[in-house]
Amino acid sequence: MTDFVHPALLFILGALPIPFLNGSIRKAYLLLIPALAILAVLTIQPGSYGATQFIGQEILIAKVDKLSIVFATVFTIMALIGTVYALHLPRPGQHVAAFVYVGSALGVVFAGDYLTLYLFWEGMAFASAYLVFAQGGRQAIAAGFRYLMVHITGGVVLLGGVILSGLSTGSLLFGPIAGEMGVGAYLILAGFMLNAAVPPLNAWLTDAYPEATVTGAVFMSAFTTKTAVYVLARAFPGTELLVWLGTAMALYGVVYAVLENDCRRLLAYHIVSQVGYMVAGIGIGTEMAVNGATSHAFAHILYKALLFMGAGAVIYVTGRRKLTELGGLYRTMPLTVALYMIGAFAISAFPFFSGFVTKSMVIAAAGQDHRAVMVLALTMASAGTFLHTGLKLPYYMFFGTDRGLEAREPPRNMLVAMGMAAVLCIAIGVFPQPLYALLPYPVDFEPYTGVHITESLGVLMFTALGFVIFLRALDPENTISIDTDWFYRKGARVFMWIAGKPLARYEKAVSDVSETAALPFLHGAARAGLWIDLTAVDAVVNGVARSIQRGGGALRRLQTGVVTHYVLAMIVGVIAATVVFTVASR
Amino acid sequence: MIKRVVDFFGDEEHASQRRRLFYLVLVLIVIADFLVHREHAEYLWDRLPGWSAVYGFLSCVLLIFVSKFLGHRAGLMRREDYYD
């Protein structure tokens, strides 16, 4: 254990002192923790750590292998970038939430059993919800509650699946689902797919992310969906269902992005689209496809964060988020424009940017697996990606109609964070070998062939031609789009109506019956009871009462009325019960 | 330097230069696609030079109009106070 420092622990315990630090000491501390975590991940050795027993089940706190190391590497790098981006925040709340969130994500990535995984899974949901609530305002708080409700529901589904599959297989160790998929396995899959935002379970993402704080959304864009990609890659590689859902997802996000007017919601729909490539790659399940999905997750975290940071900078400076209200910012924010565009080229998979060396691996894997329809669909989604994040969004946000907005470059720490992500986006694109070496399987793929470069440029630049020709058709409109959150947003209203009207009427009817029929009977019974009570029971009661009085006096001395004492007593009780239970179950 | 590049893409006075540069790039890409060496063509379209240009353009047009159709005609797009 001494040679292994769990990076999750660094973040979660490291979050505790943040509220007590101030000024530049806090800033230094905030940067120190992610830096230490990067170091811990770089020096980590594959193996199993923290094996123990809990209520008769095997627990494995950390199982380190190549797949978990890739994700942990990019998670810790992203934590550092996100922290730099949020460094100017005066209040500690969001820093604490972000650290717990990152720590939980790392906990999931190293979890060797389902109980550990589930614990961190829920930690992620709660910590990230804070980043939405912290925005304040009616809209954000409502979205935060919806986000929390959806994730708690997903968590319950996951737990149900874990228990069912644990009962049938006898082990809670987390690994590839073997053999026939039972109900338990499907429930686990559903829980994972919810966090990966696979339609129709996608609406929580596009609902909540644009409502989060400027800095919080950057963290959210990176961790929740990508931990889901990791657990899918671990447990469900080669599941045919995922191929089709992933491909559909890639196009789904692109279609909605055409309709979207909110800049960060547009980017959120492109998370759905990009995660579609990863889900599809995992569904194919070949070594190359899983490599592609993993490397694409790595690249995606960095360029998506860069795009969210760019859009966040615009919101931070102007206070506006709708494309219909933005435009003409390139004069005052040229650096932001340039950094944003690097992210846009990376997500669109331009040669020498990170997406080019990772996304193409997924598409090539689909081609090798003789899935022509999928190749065509994913290529079409690539065109759509460039159309929106590379052309439409920057055009209407930075260029287009000049709205005469007062703007300036964002604070320096924001620009530095964007610069860090941008450097990595280009570095991965130009030198893909270090990333390829990290991947779970040996890589036999060369992205830079002549055909690949000309074909990619052909698709992308002729998409740009379509954009130029049909520019007016793409003008943003002041609307919102109905997604699958319609069911619970409107459904909640139906539920409230049922609670308000029929249920209330039923309750009134029941109380009427009790008043007319049940009450006279009860009165009679009470009179008879009183007679028995007065004659026979009193004697007994008086005796008992005296002894209780004496006991009560003793108890009164124990009752301090201080809540913390009660809580302490409850915790002691829970621990005692657990001890008794574990000893008894041996 | 960065500001000058960004301004080149934003300022109205460079519009005609931008357009010429753009068309030049398009032509060069198609020419390059004809010249490039194709080893193993897995699918029919892999053997067609210029296919990616056509497919990219058609994808773009299809995505724009199918999405807008779904938004306007199938009722996906609603007023902003729809949920209030």
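Buried residues account for 51% of the 586 residues in chain A. This is a predicted model. Mean pLDDT for chain A is 90, with 95% of its residues at 70 or more. Within chain A, confidence is highest in helix H16 (residues 412–430), at 97. Confidence is lowest in helix H21 (residues 563–585) of chain A, where the mean is 68.

Start with the overall build of chain A. Chain A holds 21 helices and 3 strands. Its C-alpha trace spans about 105 × 55 × 55 Å along the principal axes. Among the contacts in chain A with a separation of 6 or more, 81% join residues 24 or more positions apart. The domain assignment divides chain A into domain 1 (1–236), domain 2 (237–471) and domain 3 (501–585). Taken over C-alpha atoms, the centres of domain 2 and domain 3 of chain A are 62 Å apart.

Strand S1 (residues 47–54) of chain A pairs with strand S2 (residues 57–64) of chain A. The pairing is antiparallel and runs over 7 bridges. Within it, A:Ser48 stands opposite A:Lys63 in S2(A). The hairpin of S1(A) and S2(A) has 2 residues between the strands. A:Ile55, in this hairpin, takes a positive phi near 35°.

Two loops of chain A deserve a look at the backbone. One lies between helix H7 (183–195) and helix H8 (203–208) of chain A, and A:Pro200 is found there. A cis peptide bond joins A:Pro199 and A:Pro200, with omega at about 5°. A:Ala197 sits in the loop between H7 and H8 of chain A as well. A:Ala197 is not a glycine, yet its phi is positive, at about 60°. Is A:Ala197 buried or exposed? A:Ala197 counts as buried because it has 26 C-beta neighbours inside 10 Å, and the cut-off for buried is 20 or more.

The other loop joins helix H13 (334–347) and helix H14 (354–368) of chain A, and A:Phe352 is found in it. A:Phe352 also has a positive phi, about 75°, although it is not a glycine. Its setting is partly exposed, because A:Phe352 has 15 C-beta neighbours inside 10 Å.

Now turn to chain B. UniProt, in an unreviewed entry, places the feature "transmembrane region" at residues 21–38 and 50–70 of chain B. In the model, residues 21–38 of chain B are 83% helix and 0% strand. The end C-alpha atoms of that span lie 28 Å apart. Residues 50–70 of chain B are 95% helix and 0% strand, with end C-alpha atoms 30 Å apart.

How do the chains meet? The contact takes 36 residues from chain B and 42 residues from chain A. On the side of chain B that touches chain A, helix H1 (2–10), helix H2 (15–35), helix H3 (51–72) and strand S1 (77–78) of chain B each give two or more residues. H3(B) supplies the largest share of that side, 15 residues. By type, the side of chain B that touches chain A divides into 21 nonpolar, 7 polar and 8 charged residues.

Strand S3 (residues 480–481) of chain A and S1(B) pair in the antiparallel sense over 2 bridges. There, A:Ile480 stands opposite B:Arg78 in S1(B).

Beyond that strand, B:Asp81 lies in the segment after S1 of chain B. B:Asp81 is exposed, because 7 other C-beta atoms lie within 10 Å. The C-alpha atoms of B:Asp81 and B:Arg38 are separated by 54 Å, and the two residues are 43 residues apart along the chain.

Technical notes: Residues are numbered from 1 along each chain as its sequence is written. Chains are lettered from A and ligands numbered from 1 in the order in which they are written. This is a predicted model: local features need pLDDT of at least 70, side-chain atom pairs count only at pLDDT 80 or more; totals for chains, interfaces and linings use all residues. Two residues are in contact if their C-beta atoms, placed from the backbone, lie within 7 Å. Helices (H or I, at least four residues) and strands (E, at least two) are DSSP runs, numbered from the N terminus. Ala, Val, Leu, Ile, Met, Phe, Trp, Tyr, Cys and Pro count as nonpolar, Asp, Glu, Lys and Arg as charged, and the others, Gly among them, as polar. Two strands pair if DSSP finds at least two bridges between them. Domain bounds come from an automatic or database domain assignment. UniProt positions are given in the numbering used here, feature names are shortened, and annotations may be inferred rather than shown by experiment. pLDDT is the predictor's confidence in each residue, from 0 to 100. A residue is buried if 20 or more other C-beta atoms lie within 10 Å of its own, exposed if 12 or fewer, and partly exposed in between; C-beta atoms are placed from the backbone.
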